[in-house]
Amino acid sequence: MTIMSLPRSPQYLLSLLTKRAYSLPARRTLVTVSPEHAKVTVGIRREDSSRIWERRCPVTPDEVAQLVQHFDVNVIIQDCDRRVFPVDQFIKAGATLHPTLEPAHIVVGIKETPLNELVTSPVSAPGLRSGPSIPRTHLMFSHTTKGQPYNMELLSRFLGSQENPSLPRLIDYELLAGEDGKRTVGFGWFAGVAGVLESLSALAHAHLELGVTSPFLHTPRPHTHPSIPSLRSALQNIGQNIVENGTPKSLGPFVIGLTGSGNVTQGCLSILDELPIVNVGVEDLPGLVSNPGTDLHKIYLVHALPKDYLTRTDGGQYSRDDYYKNPVMYHSDFATKVAPYLTLFLNGVGWLPSFPRLMTNEQLATALTRAAEVGRARFGTIGDISCDVEGGLEFLPRASTLSDPFFKHRPSSLPSHLPSVTIMSVDILPSSLPLDASQHFCGVLMPYLRALIDECRGRPGSREHLEALNVATVARNGELQGKHRGLAAPVEKWQASRAAEIASKAEVPETLLRKKRVLMLGSGMVAGPAVQEICKRSDVDIIVAGNVRSETEALTRKYSNAKAAYLDVQDVAEMARLIQNADVVISLLPVPFHPAVAELCIQHRKHLVTASYISPAMRALHDRAQSADVLLLNEIGLDPGIDHCSALSLLAQLKRDKKRVISFTSFCGGLPAPDCADVPLGYKFSWSPRGVLNAALNGARFKLSGKEMEISGENLLQEYFPDIPISHVLKLEGLANRDSLPYAETYGLGKLENLQTVLRGTLRYPGFSDLMHAFKVIGLLDTETSIQLSDWRDLTRLSLEKRIGEQIGHDRRSVLSALSTVMTADRADSALGALDWLGLTPEGVPCNTPSAISRKPQSPIELFTSVLAHKLRYYPGERDMVVLSHEIVAQPSLMDSATEVHTSRLVAYGNSEASAMARCVGLPVAFAALEVLYGGVQVRGVHGPTERSLYGAVLDGLQGAGLEMKESVIKGPGMESVLAEGLRARRVAL
């Protein structure tokens, strides 16, 4: 039976209903039908709320107006504030809001419908309020047609154990094609355009890591411009810059490689046309790259077609017809013929399992080995626009997101001496061009939608489009259709797996299912990534306990193995109960609470993990913890934490290579990304504001250029390092961080007297130290005095009054005059401008923090913390950045006076899921806690992450999470002379 002859099709049901109505006696009426209810209803679905970047819409407001006014269709739409078209435009066009779309005969969306929103019940036929119903039709990119395991539950909702005419019809846009077999409805061209821009942006970032500024650093990300013409204009400007100034000589000719020939590739070619492109052939690549006279004022594009890199395994030449008949007879030489010469590779070709991969994992190693011989930065960045995970590029491990579009990756089989590759693999690229993409999509969809509307009315529609819709139907009447009947196997596999899971939970005794248990105390800024990582382990349960219910519930509600608990830290009995029931305790509480938590952990013989420095009170518990067979693991966040792990790993390698360490310098900082840093202090808070202010009050000891130095807490903000030369792009200053001297022993650097430099510091943008020192001079960091505040605009004045012992007038001029008595006029002007911005001056804009001012007297630092936490917070769409850099100067041997500079660096950015700081603190905590939980750490007592088994496990976990330390080595001196000269200049100035 063909689809067109199904006896319960909408046309058939309507004909029955029509005949029945005509056969009734004249005095009886079947139903009273309002004209509005007689219409076919089309529902426009909102997209999955978890897809934060999905702003596209399948039907535009203009087409809604056409459907309502000229095709007599009732259109309903779900409310959504994220759509590219505001819902008011749809209402103005004639649509009405509906929360569930249950009255809709035809439901259209973009991506697959969330399971909890999928409506599968039948709907009354047009013209009827009750009686026989017809199945509704859903149109979407269902991502089921390849048997994708993650969507088999969705497909199963359209299927029954036997033919069921009430179940809905599923049509997949991806299968709609014309008579020539080519797809007619899709976003491929837009994926190509967006993919080029995202890939060029990723390329520029990768070049920054090499210390090179690329002209593509200013490449606009697609979502930052309103339309494609605007993006084209920006790319034209970059192209003009290349024509005038060229590309960096150190990188050689810029060669972009492109594969494919479909819509994706055409989109790539279209946007690349805005650059000064010179097309070259595969055969031209070796000479082009090796020729020192190659013009660097051009971008070279090689569009590699299958004939260029596919050959038969028997040595025969490529033939398209033969290739599609006998794909197993072919292999790819892309890794040797094309890849090694490319600066950027754009993959626009799809892949099917029976066909040869474009590049295997082994071929990646071949390509990178050859690329290193060809020149610098070859084949280091890949834009896989096709995004077939573990497909044509076997080493593509996952899709990326628009919030975090690229990542570094190295397959486990890649030799350690070869570099990782930077990969852009966003799977919803057209979503970054929502306006242009939606308008195009709607235009190509409408003929099919009108055909469905006609079919629903029982009218003859476009035969061409109805036939195409039938071919694109995956399921109908509860059964798989046509070639999609083969999907029965993956559906059954999913059903069997689901049944086994349910059975195992029901039948296995609870004693055999005992999971390991983690207790997390605290639910603040860094908790999210730690909870997410731990919850990936199905054999682990976690309880997140805190005094803010909304936070603990938000952290745990997404995971079946996580629970929230309310805990007041003053309730020692409840805390003891929670600790007693755990295997490992993670404390993310403020530092002063850690010793009390540790006491309870010793009492109940439970291991403890914290991200904080080892305090004297914590260190005093070492012997008791050892006696109780308990590990109190500290300093396993970012700084301290990742810095320890990465430093110890690099130092261990130098020791194995029998190299002598002369100097150790390490700087770390959490900062706003450069595009979000235009605020006072050049700083925003992704962790405790009080912790940042307290750090500015700590003294420091270190050794620099052979001299031991000490800076008091009083002078720390004045005696800073004005230039930290770890980046050719970012201008940074640094503050010495606490006592660096003990790390000579902690890290096994050797005797302190034999070392030139031992220094650990904190990174900030220029101007931070001077402005923070001004705040300190004003009295805003004072912890001893108290003030009673009724208006935030009085905070500066009252703090300064406490400082100078005199009353200050309630006007801006008086405050400026008072400031000038404790600092220079220039500093006073600068400080007052920042305080105006913060809303802390008499004539400034009120601060309006979310919380009311306490009626109790508070210290200035407490009040100032509240203001900074509010005014210098991250807003939606803003991201932070973490920079960590170790520099170790070493001598290859005692006989060799030449020095090597070994660096290990991490640069990480926040994304939509978590800040960079949260990931860089939370993930090490999670990896360490899991290593302890599974018995991988044998030491007991109070420790940092100094055990090789522990820091190795943490670094492995971070690499898997895309937080890999990048190591390099050069000959010559380190940065200590620059630091020493900068500090000397600061002291002279003082």
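How many aromatic pairs does the structure hold? There are 24 aromatic pairs, where rings of Phe, Tyr and Trp (its six-membered ring) pair if their centres lie within 6.5 Å. This is a predicted model, in which local features need pLDDT of at least 70 and side-chain atom pairs count only at pLDDT 80 or more, while totals for chains, interfaces and linings use all residues. Residues are numbered from 1 along each chain as its sequence is written, and side-chain values use heavy atoms, with hydrogens and water left out. Helices (H or I, at least four residues) and strands (E, at least two) are DSSP runs, numbered from the N terminus.

**Aromatic rings**

- The ring centres of Phe667 and Phe721 are 6.1 Å apart and their planes stand at 85 degrees, so this pair is edge-to-face (planes under 30 degrees apart count as stacked, over 60 as edge-to-face and the rest as tilted).
- Phe667 belongs to strand S26 (residues 660–672) and Phe721 to the loop between strand S28 (707–711) and strand S29 (733–736), so the pair ties together parts that are 54 residues apart in sequence.
- Both Phe667 and Phe721 are buried (buried means under 20% relative accessible area, exposed over 50%, partly exposed in between, with a 1.4 Å probe and protein chains only).
- Phe721 also pairs with Phe702: the centres are 5.9 Å apart and the planes at 65 degrees, so this pair is edge-to-face.
- Phe702 sits in strand S27 (residues 700–704), 19 residues from Phe721, and Phe702 and Phe721 are both buried.
- Elsewhere, one aromatic cluster is formed by Tyr318, Tyr323, Tyr324, Tyr330 and Phe355.

**Charges over rings**

- Arg83 has its charged end over the ring of Phe90, 5.9 Å from the ring centre (the cut-offs are NZ of Lys or CZ of Arg within 6 Å of the ring centre and within 35 degrees of the ring normal).
- Lys871 places its charged end over the ring of Trp837, 4.9 Å from the centre.

**A mixed sheet**

- Seven strands make an open sheet with mixed pairing, in the order S10-S11-S9-S14-S15-S17-S16 (two strands pair if DSSP finds at least two bridges between them).
- At its edges are strand S10 (277–280) and strand S16 (406–409), each pairing on one side only.
- Neighbouring strands of this sheet are turned by 25 degrees against each other on average, direction ignored (axes are lines fitted to C-alpha atoms, for helices over the stretch in contact, and angles run from 0 to 180 degrees between N-to-C directions).
- Strand S9 (residues 254–259) and strand S11 (residues 299–304) run parallel and are joined by six bridges, with Val255 opposite Tyr300 in S11.
- Helix H7 (residues 263–272) packs on this sheet, touching S9, S10, S11 and strand S14 (344–347), and its direction makes about 155 degrees with that of S9 (contact means heavy atoms within 4.5 Å).

**A parallel sheet**

- Another open sheet has seven strands in the order S22-S21-S20-S23-S24-S25-S33, with parallel pairing.
- Strand S22 (562–566) and strand S33 (941–943) are its edges; each has a single partner strand, so one side of each is left without a neighbour in the sheet.
- From one strand to the next, the twist averages 20 degrees.
- Three bridges pair S25 with S33 in the parallel sense, and Leu632 stands opposite Val942 in S33.
- Helix H19 (residues 594–604) lies across strand S20 (516–521), strand S23 (584–587), strand S24 (607–610) and S25, running at about 160 degrees to S24.

**Strand S29**

- S29 is covered on both faces: Glu733 and Leu735 on one side and Gly734 and Ala736 on the other are all buried.
- Four bridges pair S29 with strand S30 (residues 757–764) in the antiparallel sense, and Glu733 stands opposite Arg764 in S30.

**Loop details**

- Asn151 lies in the loop between strand S7 (137–141) and helix H4 (152–156), and counts as buried because its relative accessibility is 8%.
- The peptide bond from Asp639 to Pro640 is cis, with omega near 15 degrees; Pro640 is in the loop between strand S25 (631–633) and helix H22 (642–656).
- Ala377 is not a glycine, yet has a positive phi of about 60 degrees; Ala377 is in the loop between helix H12 (361–374) and strand S15 (381–384).
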